[in-house]
Amino acid sequence: METDRPTGRDQNPVHEPETLARHVVDTVESLVTLWFAAAEDVVPQLSARQLFALQTVRRRPELNLTALAEHLEIGLPTASRLCGRLVSAGLLQRTVQPHNRREVRLMVTADGRRFLADVTERRSLCLATVFGAMTPGERASLQRGLGAFEQAHARTRPRPRGDTQDGGGAATGG
């Protein structure tokens, strides 16, 4: 009788971590193609890095230009030019802090929030189309598998420096 929980290492080579990892790489490449294709029809047209920067500022509004550059792992001049293009498109606003004239604060504009909502909606619709082509059982299996992946990732993810408490640094979904 087959169970959902193997008692030992599964002997089927298809279930080996390395084989599964290669299969997931192929699947993720397909997902990434869908992901970026959904953002291609949105105006203004943004590069993947510009879109990621805008999403980052929306998620982490406390970031200044220097922190954004560090987060994106790019140089400060590159981040400044990237933000300049987003400002020119009306999606981002840069303001100089009155208490520190050298600090540039970044804020997503109302147009930027609408733009990101449009991209998110388009991506959701693309995913829903794919999920609609799956059977209910396949969707349930995918949901279980993604949940199991998320839990395993949380168990294997390195803890941030200084986090020594058990359970104190639990991962959150967003």
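Asp111 forms a salt bridge with Arg114, with 2.2 Å between the closest N and O atoms; a salt bridge requires a side-chain nitrogen of Lys or Arg within 4 Å of a carboxyl oxygen of Asp or Glu. The model is predicted: local features need pLDDT of at least 70, side-chain atom pairs count only at pLDDT 80 or more, and totals for chains, interfaces and linings use all residues. Residues are numbered from 1 along each chain as its sequence is written, and side-chain values use heavy atoms, with hydrogens and water left out.

**Overall architecture**

- The protein chain has 6 helices and 2 strands; helices (H or I, at least four residues) and strands (E, at least two) are DSSP runs, numbered from the N terminus.
- Read from the N terminus, the order of elements is α-α-α-α-β-β-α-α.
- Of the 174 residues in the protein chain, 22% are buried.
- Among contacts with a separation of 6 or more, 45% involve residues 24 or more positions apart; a contact means heavy atoms within 4.5 Å.
- The accessible surface of the protein chain is about 12,900 Å², and 55% of this belongs to carbon and sulfur atoms; accessible areas come from the Shrake-Rupley method with a 1.4 Å probe, and for residues only the protein chains shown count as cover.

**Salt bridges**

- The structure holds 3 salt bridges.
- Side chains of opposite charge can pair when their charged atoms come close.
- Arg114, the partner of Asp111, is exposed at 53% relative accessibility.
- Arg114 and Asp111 are 3 residues apart in helix 5, which means that about one helical turn separates them.
- Also in helix 5, Asp118 and Arg122 lie 4 residues apart, about one turn of the helix, and their salt bridge has its closest N and O atoms 3.2 Å apart.
- Both members of this pair are partly exposed, Asp118 at 30% relative accessibility and Arg122 at 29%.
- An α-helix has 3.6 residues a turn, so residues three or four places apart point the same way.
- Glu62 and Arg60 form a salt bridge in which the closest N and O atoms are 3.3 Å apart.
- Glu62 is exposed, with a relative accessible area of 54%, whereas Arg60 is partly exposed at 34%.

**Helix 2 and its surroundings**

- Helix 2 covers residues 48–59, and its 12 residues reach 16 Å from the first C-alpha to the last, close to the expected 16 Å; the expected span is 1.5 Å times one less than the number of residues.
- Its buried residues are Gln50, Leu51, Ala53, Leu54, Gln55, Thr56 and Val57.
- The cover over these buried residues includes helix 1 (17–40), helix 3 (65–72), helix 4 (76–88) and helix 5 (110–132), together with strand 1 (92–97) and strand 2 (100–108).

**Helix 4 and its end**

- The end C-alpha atoms of helix 4 are 18 Å apart, in agreement with the 18 Å that its 13 residues should span.
- Ala79, Leu82, Cys83, Gly84 and Leu86 are buried in helix 4.
- The buried residues of helix 4 pack against helix 2, helix 3, strand 1 and strand 2.
- Gly90 follows helix 4 and has a positive phi, near 80°.

**Cysteines**

- The count of disulfides is 0, a disulfide being a pair of cysteine sulfur atoms within 2.5 Å.
- Cys83 is buried at 0% relative accessibility, whereas Cys126 is partly exposed at 29%.

**Nonpolar surface patch**

- Leu20, Val24, Val28, Leu31, Val32, Trp35 and Phe36 form a nonpolar patch on the surface, together contributing about 550 Å² of accessible area.
- Patches are made of residues with over 30% relative accessible area and no salt bridge, joining like charges within 9 Å and nonpolar side chains (Val, Leu, Ile, Met, Phe, Trp, Tyr) within 5 Å.
- Phe36, one of the patch residues, lies in helix 1 and is partly exposed, with a relative accessible area of 35%.

- Thr120 lies in helix 5 and is partly exposed, with a relative accessible area of 41%.
- The C-alpha atoms of Thr120 and Ala39 are separated by 8.4 Å, although the two residues are 81 residues apart along the chain.

Notes: Buried < 20%, exposed > 50% of the residue type's maximum accessible area, 1.4 Å probe, protein only.
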